[in-house]
Amino acid sequence: MKRIVYLPGIAGNPARSPALDILATAGWDIVVPDLPGFDGRPGFQPPDDYLGWLTVLWDALDATQALPCPVLGASVGGMLGADLAALRPEAVTALAVLAPFGIFDAEHPGLDLYAVPTADRMSHLFAKGVPEPFTDRFGELGPDEGPVARYLCDVAAASLLWPVGDRGLASRLHRITCPTLVMWGDQDELLPVGASAAWAGLGPVEVVAGAGHLLEWDVPDDVGRRVAAFLGAV
Amino acid sequence: MKLLWFHLMPYPELPPDFNRKHRSVWVDIDPGLFDPAVVAESYERYLDQLVYAEECGFDGICVNEHHSNGYGLVPSPNLIASVLATRTSRAAITVLGNSVALYNPVVRVAEEMAMVDLLSHGRLISGFPVGTSMDTAYAYSVNPGILRERYSEGIDLILRAWAAKEPFAFNGRFTQMRYVNVLPRPLQQPHPPVWIPGGGSVETWDYCSTRDFVYAALSYYGHRMAKETVGGYWRKVEENGKDPNPYRLAFLQFIGVADTDAEARRLYREPAEYFFNRSLHVYPGYADPPGYVTEASVRARYKSQVRAVARAKQAKHDLTWDEMVENGYVVIGGPDTVRETLEDVARTFNCGHLLTMLQFGNMSDELTRHNTKLFADKVAPGLRNLFPEAVDHWWPANAVPA
């Protein structure tokens, strides 16, 4: 069985994207590390800084014993995946990133998601409507605890990105030596496609038509096929 | 009971259609709306009003800290406090900034507040608010998920620095310093009284009661809306085994006094509408950055119908004058009406420090002074004798009550 680590995006991982189903059908075992906060469990307190986050991620990844293997990271997960590849190159055999954070482009600042009223945030992540798994995330926890879990998931992502989502990755991209694929939605509100230029050092950016920020949900077939082809080629 | 005069120092000339044509009074407000000449004149007038409050017999005068906004023109309360320290001689200088999590290294706050304490000869009340979400997470871009930890660590460092007998090294989560040696030290030792402004955070109630700090309940939505907050605080005081000394609490209330109830309704309508519909016109997106509210407070929020209603109101920004009055956002009336209401509030809340908001919105200088004088002469005497048996352990050493 082939194995790949998937690092989900800014809204967590409420269900497996149909894009990942395509990878599974192609024979890939998809490993998703258990990142605190994104699961909405009570008692979450963000790490003090980005190094603290990387430590938490690496501990979670090492617990899966999945590495070394290819890594697919989306949004926030793209940033974490890129840093994993830059700082632990022996752990990542191939890297695919979908609209990754980590480098802020002041010429293309995009939408400040956390200056959008809470109830409206989700709609800005997708170009084709909010997928069902995201519409009632944590709803099974009930009217009291469900909103708390949603809030904590937001806290996790926001604390990774505050205030502009730049974690100095531009100065570390040159350390990524594995094969790479960079994809971007042409309707991404958070990271406008113009911001993708900063990632050109990893190779040509593949722009996906009709996709918003979480492109593996907006155009799962296209994204799934492209990632599968990339993995197949490497 | 102690009576303090609180000034937000608002920008007084936001246009009448501000809340229709502009998204927010905070964070991304159009800087073109501000006329520097108006700001300069406002500072002068507001400082005079604070000095006048001492002359009228108020026990303390208060300033606070806000950034990138038209709601309050005081990004640096220590600057205003330093002026007040030298222009007044008796009142407590109550600085309900500084938002310590915004400053790095935070010893700068310790230094400046020590200077204010010295300039005022020991009349400083050191207020340490977390700061609004607009000020902290947006105007100053501090990560809201770790804001409160930074804040708490900052206060610990300041208090230690003020009292330390010798230089020390500090290795905190957010501040590391080989040498901490704040000079000059404040006149009040081991430190000036600490007041913590709060808006209802569960953790803040616990923090204040365990550390023996004053909890200053700052709600702009009046005494009725504050009942839940104040009740929660006193329950926490009891849980932590502390005495119910009324001076553990300060409470802020908008007040308009006139010769008659009818006259008060006429006089204070415009400045109140200005404040609630223009000065508080905050874009809802700036109200709830993830992490700013603690998990416990979020949980309490979703279980509290009262706060849900309050939030809906706050988002509305088109409050009517009748709503403001009927809901107690503003306590207005003739002297007897105001005194009776405030006495009831003070007794119900067990509140020893009343923060009076007698200037708000675009209230003119003339009306501000009228309001202040009427309150001092005809309302204050009926309130001062409340809680005669209680001892105020949270009052500056050299501030002399009226």
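1. A pairing to start from: A:Leu95 sits opposite A:Thr180 in strand E5 of chain A. Strand E4 (residues 92-98) of chain A and E5(A) pair in the parallel sense, over 4 bridges; two strands count as paired if DSSP finds at least two bridges between them. A:Leu95 also has A:Val71 opposite it, and E3(A) and E4(A) pair in the parallel sense over 6 bridges.

2. Before you go further, a word on the model. This is a predicted model, in which local features need pLDDT of at least 70 and side-chain atom pairs count only at pLDDT 80 or more, while totals for chains, interfaces and linings use all residues. Residues are numbered from 1 along each chain as its sequence is written, and chains are lettered from A and ligands numbered from 1 in the order in which they are written.

3. Now the whole sheet. Chain A has an open sheet of 6 strands with parallel pairing, in the order E2-E1-E3-E4-E5-E6. Strand E2 (28-31) and E6 of chain A are the edge strands, each with a single partner strand, so each has one side without a neighbour in the sheet. From one strand to the next the twist averages 25°. As a reminder, strands of a sheet pair through backbone hydrogen bonds, either parallel or antiparallel.

4. At one of them, strand E1 (residues 2-7) of chain A and E2(A) pair in the parallel sense over 4 bridges, and A:Val5 has A:Val31 in E2(A) as its bridge partner. At the other, E5(A) runs parallel to strand E6 (residues 205-208) of chain A, joined by 4 bridges. There A:Val182 stands opposite A:Val205 in E6(A).

5. How many residues of E5(A) are buried? In this strand (residues 180-185), 6 of its 6 residues are buried; that term needs 20 or more other C-beta atoms within 10 Å of the residue's own, with 12 or fewer for exposed, partly exposed in between, and C-beta atoms placed from the backbone. In a regular strand the side chains alternate between the two faces of the sheet. A:Thr180, A:Val182 and A:Trp184 point one way from E5(A), A:Leu181, A:Met183 and A:Gly185 point the other way, and all are buried. E4(A) is mostly covered too, with 6 of its 7 residues buried.

6. A helix lies over part of this sheet. Helix H3 (residues 76-87) of chain A lies across E1, strand E3 (69-74) and E4 of chain A, and runs at about 145° to E3(A). Angles run from 0 to 180 degrees between N-to-C directions, and axes are lines fitted to C-alpha atoms, for helices over the stretch in contact.

7. Turning to chain B, helix H3 (residues 77-87) and helix H4 (residues 107-119) pack at an angle of about 15°, with their axes 8 Å apart. That makes H3(B) roughly parallel to H4(B), on a scale where angles under 35 degrees are roughly parallel, over 145 roughly antiparallel, 65 to 115 roughly perpendicular and the rest oblique. Their crossing is left-handed, a term for a near helix turned anticlockwise from the far one by less than a right angle, with right-handed for clockwise. B:Asn78, B:Ala81, B:Ser82, B:Ala85 and B:Thr86 of H3(B) meet B:Glu112, B:Met113, B:Met115, B:Val116 and B:Leu119 of H4(B).

8. H4(B) has another helix against it. The axes of H4(B) and helix H6 (residues 147-163) of chain B come within 9 Å and cross at roughly 50°. The two helices, H4(B) and H6(B), are therefore oblique to each other, and the crossing is right-handed. B:Val107, B:Val109, B:Ala110 and B:Ala114 of H4(B) make the contact with B:Leu157, B:Ile158, B:Ala161 and B:Trp162 of H6(B). By class, this contact of H4(B) with H6(B) has 8 nonpolar, no polar and no charged residues; nonpolar covers Ala, Val, Leu, Ile, Met, Phe, Trp, Tyr, Cys and Pro, charged covers Asp, Glu, Lys and Arg, and the others, Gly among them, are polar.

9. Last, the place where the chains meet. In all, 20 residues of chain B are in contact with 19 residues of chain A, contact being C-beta atoms, placed from the backbone, within 7 Å. Helix H10 (residues 295-302) of chain B gives the most to the side of chain B that touches chain A, with 4 residues. That side of chain B has 10 nonpolar, 5 polar and 5 charged residues.

Terms used. Contact = placed C-beta atoms within 7 Å.
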